[in-house]
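Here's a quick briefing to read alongside the model.

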There are 2 protein chains.
Amino acid sequence: MSDDEIKKNSIRAPHFVTLRDIAESASVSVSTVSRALAGKGLVNRRTESRILRIAEAMGYRPNALARSLVTRNSGLIGLMLHNLLNASFQRTAEIIQTRLADAGYQLLLCITGDNPQQEADFLSMLFDHRVEGLIYVPTGKNMELIRRFTDSGVPVVGLIRRQIDSPYDSILLDDINGAYEGTRYLLELGHKRIGILVGRPETNSGRERLEGYLKALHEFGVPENPNYICRGPYNAPFGKQACETLLDLKTPPTALFAANHEASFGVMRVLSERSISIPDQLSLLCYEDEPWFSWQKPAISVVDSGPEAMANLAAERLLQRIIRPDAFSGGRELRMGAKLIIRDSCGAGPGF
Amino acid sequence: MSDDEIKKNSIRAPHFVTLRDIAESASVSVSTVSRALAGKGLVNRRTESRILRIAEAMGYRPNALARSLVTRNSGLIGLMLHNLLNASFQRTAEIIQTRLADAGYQLLLCITGDNPQQEADFLSMLFDHRVEGLIYVPTGKNMELIRRFTDSGVPVVGLIRRQIDSPYDSILLDDINGAYEGTRYLLELGHKRIGILVGRPETNSGRERLEGYLKALHEFGVPENPNYICRGPYNAPFGKQACETLLDLKTPPTALFAANHEASFGVMRVLSERSISIPDQLSLLCYEDEPWFSWQKPAISVVDSGPEAMANLAAERLLQRIIRPDAFSGGRELRMGAKLIIRDSCGAGPGF
DNA sequence: CTGTTAGCGCATTCAT
DNA sequence: ATGAATGCGCTAACAG
């Protein structure tokens, strides 16, 4: 009978070792065990080490949930990204998780697919889990939910996109300047027929990169040519189609600025298909670095948007806010400067 | 005085709304609120809806920590990977998080860098957080810690690598067969001088892929040539060096099997540099698909190890175990079959 | 249908 | 230096 009970329990309810178990085994109170394990030296040296040994022997591990409940620190941080396909997001996720783990936090990862409803669901779940901080790329549709966090004193850091009046810090990319620098580089090489592929006008990067491109053009007194501007979705097929269109122009560009990252794949495919020699026949500049860009022949020059720096900054910033929750200091906006990485895919243009 | 207190509290202690708050506001007991929110219909329709409205109005959100503590379900699942750079790991992470989120679980992401110490630390943290399941790529050095999970009835699913006698399910890749199929494909195309790049003998994939390669060779009566076999680390520089070595042989291979994924980058670089025409002058087959492979010209044929299928299976398997924790059924080993994806990088060989 | 009572595992007063 | 008592927010068994 009793035997039966024991067996039944041991199979179905794998009891986790608790402070109480240790306390009983050590013939002390739960509080003493708690203190001993805290290691603040509030306990007799001898009994402390005895308790430690027993705890070790019993395989004790603190229940983070119970602890969180009383300390009001979950040790959890939420990270919400669109996907993990984009090289920038990968770097971001990896760096942030590593940095936060070093600081003793665990990362709750959420992939939204840039879907506002998904975002809303995840935001609720993260809130329920009482994350102590949140880093995310906003869709912009769930500001009321975000306000839940900020109102509760949970720091939030936004990435890449930002609504005006966001009650939290944001780390943005300097797409205007990045595109400007890239275009200027091509202009200085002597190109004036520069084709550009960018995201749609609805997107931030689409607008800003085009703006930077135009700014450089104007600065060099080069008239803009609508035929040289291709706007489309973030995918390879668009890049293929756009590249073909550009190359088939009566006076095709002498340089291509693939400022829509995903489209670069399609562009490179077309250039290979048509056996266009880079940079002799055509100069190619891409946006956002990709590991294999440097292993292409020729190695592809890029405007690097700096995802690593952004991720590091985001993690740092969040940790700062957690430590010093100055309620009134939120809402700052930081721009992560873009950097031109010159490799071998751009050559001299016809000149002016 | 009282005013002062209130202000002070409202600034420094952003009180989260609790069941008690709602109960007071609705003049009912905490349990009634709990029941109403549970929505099992154990409460008067009218009061239930009233409570729901009040909860909504007060912005109530359940404290997952408190709930977990009593229900003994954290709703958390751990995922431990080496990195997020490898395309297979990205897909794995994304798919698993999505699948588990659908099932109502949140993912705690850990990046170990294949470092046993890191792995140990993460395993402890995950255990402390009382994850309800764990999916990971084992280093193989922390079996005692893993046993903590399995002994406690927490299901574990191993990925890619497996120690004999692991007390949990593993989803492995069929590298032997994958390499065999790939090699056989090249042989059938008429190649007999096939160079191969694989991981070091210490690695699983290194050993198995070489085995598959040799098996195919023997089956076709082709003698193995040590000069055609290059073993090295998982990185691009190795690929570059190895590829150069192979090509500089007096009788270089007519086909290259880049079965060390990361090395593929270096290989492709060399082939471009030397303007070797694929597949006319040389056939190229890679291992593990990469998004841009299909956008190269020619599109690269690969042996796909099936990370998506593996991730899906892992998630499914874990969820099953969580639902039905049949203590005695663990320890199964599943092989995820590899698949040959034929694109344009392999052509006819000289024949036999 | 509803309120009261008991914890979940832990940290933290308050006594001693 | 230690034990007893309290409560974190919630669910669940028990009475009514």
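Predicted model: local features only at pLDDT ≥ 70, side-chain atom pairs only at ≥ 80, totals over all residues.

**Where the chains meet**

- The interface brings 59 residues of chain B into contact with 59 residues of chain A.
- About 5,900 Å² is buried between chain B and chain A, and carbon and sulfur atoms give 64% of that.
- B:R61 turns up again here: together with B:L65 and B:W295, B:R61 supplies 14% of the area that chain B buries against chain A, more than any other three residues.

**Salt bridges beyond the interface**

- Over all chains, a search of the whole structure comes up with 36 salt bridges.
- One to look at within chain A joins the side chains of A:D289 and A:R343, at 2.6 Å from N to O.
- That pair ties together distant parts of the chain: A:D289 is in the loop between β9 and β10 of chain A, while A:R343 is in the segment after β12 (339–341) of chain A, 54 residues apart.

**Helix packing in chain B**

- Let's take α9 (residues 175–188) and α10 (residues 204–219) of chain B, which pack at an angle of about 40° with their axes 7 Å apart. An angle of that kind is why α9(B) and α10(B) count as oblique to each other, and α9(B) passes α10(B) in a right-handed crossing.
- On the α9(B) side, the contact residues include B:I176, B:Y180, B:R184 and B:L187; on the α10(B) side, B:R209, B:Y213 and B:L217 are among them. By class, this α9(B)–α10(B) contact has seven nonpolar, three polar and seven charged residues.
- Next up are α11 (residues 236–247) and α12 (residues 263–273) of chain B, packed at about 45° with axes 6 Å apart. They are therefore oblique to each other as well, and the crossing of α11(B) and α12(B) is right-handed.
- Contacts from α11(B) include B:F238, B:C243 and B:L247, and those from α12(B) include B:F265, B:V267, B:V270 and B:L271. The class breakdown for α11(B) with α12(B) is nine nonpolar, two polar and three charged residues.
- Then there's α2 (residues 19–26) with α3 (residues 30–38) of chain B, where the angle is about 105° and the axes are 8 Å apart. That angle makes α2(B) roughly perpendicular to α3(B).
- B:L19, B:R20, B:I22 and B:A23 of α2(B) make the contact with B:V30, B:V33, B:S34 and B:L37 of α3(B). By class, the α2(B)–α3(B) contact has six nonpolar, one polar and one charged residues.

- Some context first: most residues other than glycine have a negative phi, and most peptide bonds are trans.
- In chain A, the peptide bond from A:K297 to A:P298 is cis, with omega near 0°, and A:P298 lies in the loop between β9 (283–287) and β10 (301–304) of chain A.
- In chain B, the peptide bond from B:K297 to B:P298 is cis, with omega near -5°. B:P298 lies in the loop between β9 (283–287) and β10 (301–304) of chain B.
- A:D114 has a phi near 60°, a positive value in a residue other than glycine. You'll find A:D114 in the loop between β2 (106–111) and α7 (116–128) of chain A.

**A strand residue in chain A**

- A:L334 belongs to strand β11 (residues 333–336) of chain A.
- Leaving aside its neighbours within four places in sequence, A:L334 is in contact with A:S170, A:I171, A:L172, A:L313 and A:R317.

Conventions:
Residues numbered from 1 in each chain as written. Chains lettered and ligands numbered in written order. Heavy atoms only, no water. Axes fitted to C-alpha atoms, helices over the stretch in contact; angles between N-to-C directions. Helix = DSSP H or I, 4+ residues; strand = E, 2+ residues; numbered from the N terminus. Parallel < 35°, antiparallel > 145°, perpendicular 65-115°, else oblique. Left-handed = near helix turned anticlockwise from the far one by under 90°. Contact = heavy atoms within 4.5 Å. Nonpolar A, V, L, I, M, F, W, Y, C, P; charged D, E, K, R; others polar. Buried area = accessible area lost by both parts, 1.4 Å probe. Salt bridge = Lys/Arg side-chain N within 4 Å of Asp/Glu carboxyl O.
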